[in-house]
Amino acid sequence: MEKAKVYFTSKIDGESLVRLYDVLGGGVKLEGNVAVKLHSGEEGNQNYMKPEFVRDVIEHIGGTVVECNTAYEGARNTTEKHMALMEKHGWSKYFHVDILDSDAEEVLENPNGAVIKKNIVGAKMKNYDSMLVLSHFKGHPMGGFGGAIKNLSIGLASSKGKNYIHCSGDSNGNMMEADHDSFLKSMADAAKTITDFYKGKIVYINAMVNMSVDCDCCGVAADPCMKDIGILASTDPVALDQACIDLIYNSSDEGRDTLVERIESRNGLLTIESAEKQGMGSREYELIHID
């Protein structure tokens, strides 16, 4: 069986994002109304990807920046506050912005989910024909790391859906008290509903920059612990996240151990393993350098 192809460049700029997308364009061309799922960055966060960095590729595909509200208190838990932060962070300056769960929710089914059998997303997702999942690869306080799979799952879940994933299907559960490994598997279950929804009309880019042990959802995140590595792209989110993990594990950077400890202490690799079992992709890949 042919291995998944993951494309890599160590050149980190807007032009490289466009180049990576065009390399993938031979297999998947995003058409119609194109959503670009990224992280808007919590108020006070210093590490999230800035609009100027991703502007070229979003304009290249004519995309709309999409986000969903959070399930915790902060600057993004209501549409009104989230849109105000989008403006403050510069997203609205360059792009049309759409909060997918601002009006209503939709339920996507995953009958073969290992833990949860459904995913609750913003109803506006049905307005988009294809999607670019543009992820900042870094650590995460709960998931161990955040990349394409997390952006597909927690990132695209509605506020209610985020809590549902964290609590492994317990609608009345407390996110902070939920079973941890069940949460990790639930992320894979939820992500599968998104890949099924777009049926191949979806591509993924991970930027390995500003790699803190913390997520962009942290109001004040830890400063990056590793030097920037590069940008990777694939049509396979499992292979893409695995390739990023491997680049960290194989790095000689002195901060590498800090990020590895975060990943392993949260059993983060379970999410990739679960996504592969869900049939979302393969952990076996070919890394193709385009420098």
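Guide: Let us look at the sheet, and then at the pieces around it.

A word first on how to read this: the model is predicted, so local features need pLDDT of at least 70, side-chain atom pairs count only at pLDDT 80 or more, and totals for chains, interfaces and linings use all residues. Residues are numbered from 1 along each chain as its sequence is written, and side-chain values use heavy atoms, with hydrogens and water left out.

The names E and H stand for strands (E, at least two residues) and helices (H or I, at least four), taken from DSSP runs and numbered from the N terminus. Eight strands make up an open sheet with mixed pairing, in the order E4-E3-E2-E7-E10-E11-E1-E12. Its edges are strand E4 (97–99) and strand E12 (285–289); each has a single partner strand, so one side of each lacks a neighbour in the sheet. From one strand to the next, the twist averages 25 degrees. Two strands count as paired if DSSP finds at least two bridges between them. In general, strands of a sheet pair through backbone hydrogen bonds, either parallel or antiparallel.

Now zoom in on strand E7. Seven of its seven residues are buried, so E7 is largely enclosed by the rest of the structure. Here, buried means under 20% relative accessible area, exposed means over 50%, and partly exposed lies in between (1.4 Å probe, protein chains only). In a regular strand, side chains alternate between the two faces of the sheet. In E7, Ser130, Leu132, Leu134 and His136 point one way, while Met131, Val133 and Ser135 point the other way.

E7 has E10 as one parallel partner, joined to it by six bridges; across this pairing, serine 135 has asparagine 206 as its bridge partner in E10. Strand E2 (residues 34–37) also runs parallel to E7 (residues 130–136), with four bridges between them. Here lysine 37 stands opposite valine 133 in E7, and alanine 35 has methionine 131 as its bridge partner.

H3 touches E3 and E4, and its direction makes about 155 degrees with that of E4. Helix H8 (residues 237–249) touches strand E1 (4–9), strand E10 (202–208), strand E11 (230–234) and E12, and its direction makes about 15 degrees with that of E10. A contact means heavy atoms within 4.5 Å, while the angles come from lines fitted to C-alpha atoms, for helices over the stretch in contact, and run from 0 to 180 degrees between N-to-C directions.

Next, follow the loops beside the two packed helices. Threonine 70 is in the loop between strand E3 (64–67) and helix H3 (79–88), and it counts as buried at 2% relative accessibility. Leaving aside residues up to four places away in sequence, threonine 70 touches Arg76, Asn77, Ser159 and Lys162. Its side chain reaches the backbone nitrogen of asparagine 77 at 3.3 Å.

Aspartate 253 is buried, with a relative accessible area of 18%. A polar atom of its side chain lies 2.7 Å from the backbone nitrogen of glycine 255, and, not counting residues up to four places away in sequence, aspartate 253 touches Cys225, Met226 and Lys227.

Helix H8 has another neighbour to meet. In helix H10 (residues 269–277), Leu270, Thr271, Ile272, Ser274 and Ala275 are buried; they pack against H8 along with strand E9 (144–146), helix H5 (148–152) and helix H7 (180–198). After H10 comes glycine 279, which has a positive phi near 85 degrees.

Methods: A polar contact is a pair of N or O atoms within 3.5 Å; within protein, one must be able to donate a hydrogen and the other to accept it, and residues adjacent in sequence count only if both atoms are side-chain atoms.
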